[in-house]
Amino acid sequence: MDYQALLNEAIKEAELGLSEGGLPIGSVLADSDGNVVARGHNLRVQTGDPTAHAEVACIRSAGRRRDWPRLTLVSTLSPCVRCTGTSLLYKIPRVVIGENQNFMGAEDLFKQHGVELINLNDPRCIELMANFIRDKPDLWNEDIGIE
């Protein structure tokens, strides 16, 4: 499976979210052949829904499925505890992240549940998030529950 190509698709979602005035975090789900079956980006600002993180939006857009244990979740940023929990609920066995330097999510939960976690440490993802956090710290803090 070409993780870099999948991350490129997640980055397109992140850039779309940023262009809409939201957070630059994107996600895709891929089947066992590496085909994107769902995509999403953080929609919290755009919709006013505090649960609309990229991974949750992506999983929602996947609809009803029975093949969750054969999918791979790709996200530009290390998933928070809610997004991690959502992927654990559906037994997604592999998560690929663009980076965890700007935010370390609940990666320990993935390990505890035997989920394969692959961090690509992608410089584009690191820069995209660092610039956003620098330029819009209030939106970022709101997203991760900091007053």
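**Close-up 1. Cysteine 125 is a buried residue.** Its relative accessible area is 4%. The model shown here and in the other views is predicted. The cysteine sulfur closest to that of cysteine 125 belongs to cysteine 58, 14 Å away, which is too far for a bond.

Close-up 2. A disulfide is a covalent bond between the sulfur atoms of two cysteines. Cysteine 80 is buried, and its relative accessible area is 14%. Across the whole structure, a search finds zero disulfides.

**Close-up 3. Helix 3 packs with helix 4.** Helix 3 covers residues 54–62 and helix 4 covers residues 81–89. Their axes lie 8 Å apart and form an angle of about 30°. Angles under 35 degrees count as roughly parallel, and helix 3 and helix 4 are therefore described as roughly parallel to each other. On the helix 3 side, the contact involves Glu55, Val56 and Ile59; on the helix 4 side, Arg82, Cys83, Thr86 and Ser87. Three of the residues in this contact are nonpolar, two are polar and two are charged.

**Close-up 4. Aspartate 67 sits in the loop between helix 3 and strand 3.** Strand 3 spans residues 72–75. Aspartate 67 counts as buried, with 16% relative accessibility. The side chain of aspartate 67 is joined to the side chain of arginine 65 by a polar contact of 2.7 Å.

Notes. Residues are numbered from 1 along each chain as its sequence is written. This is a predicted model: local features need pLDDT of at least 70, side-chain atom pairs count only at pLDDT 80 or more; totals for chains, interfaces and linings use all residues. Side-chain values use heavy atoms; hydrogens and water are left out. A disulfide is a pair of cysteine sulfur atoms within 2.5 Å. Buried means under 20% relative accessible area, exposed over 50%, partly exposed in between (1.4 Å probe, protein chains only). Axes are lines fitted to C-alpha atoms, for helices over the stretch in contact, and angles run from 0 to 180 degrees between N-to-C directions. Helices (H or I, at least four residues) and strands (E, at least two) are DSSP runs, numbered from the N terminus. Angles under 35 degrees count as roughly parallel, over 145 as roughly antiparallel, 65 to 115 as roughly perpendicular and the rest as oblique. Contact means heavy atoms within 4.5 Å. Ala, Val, Leu, Ile, Met, Phe, Trp, Tyr, Cys and Pro count as nonpolar, Asp, Glu, Lys and Arg as charged, and the others, Gly among them, as polar. A polar contact is a pair of N or O atoms within 3.5 Å; within protein, one must be able to donate a hydrogen and the other to accept it, and residues adjacent in sequence count only if both atoms are side-chain atoms.
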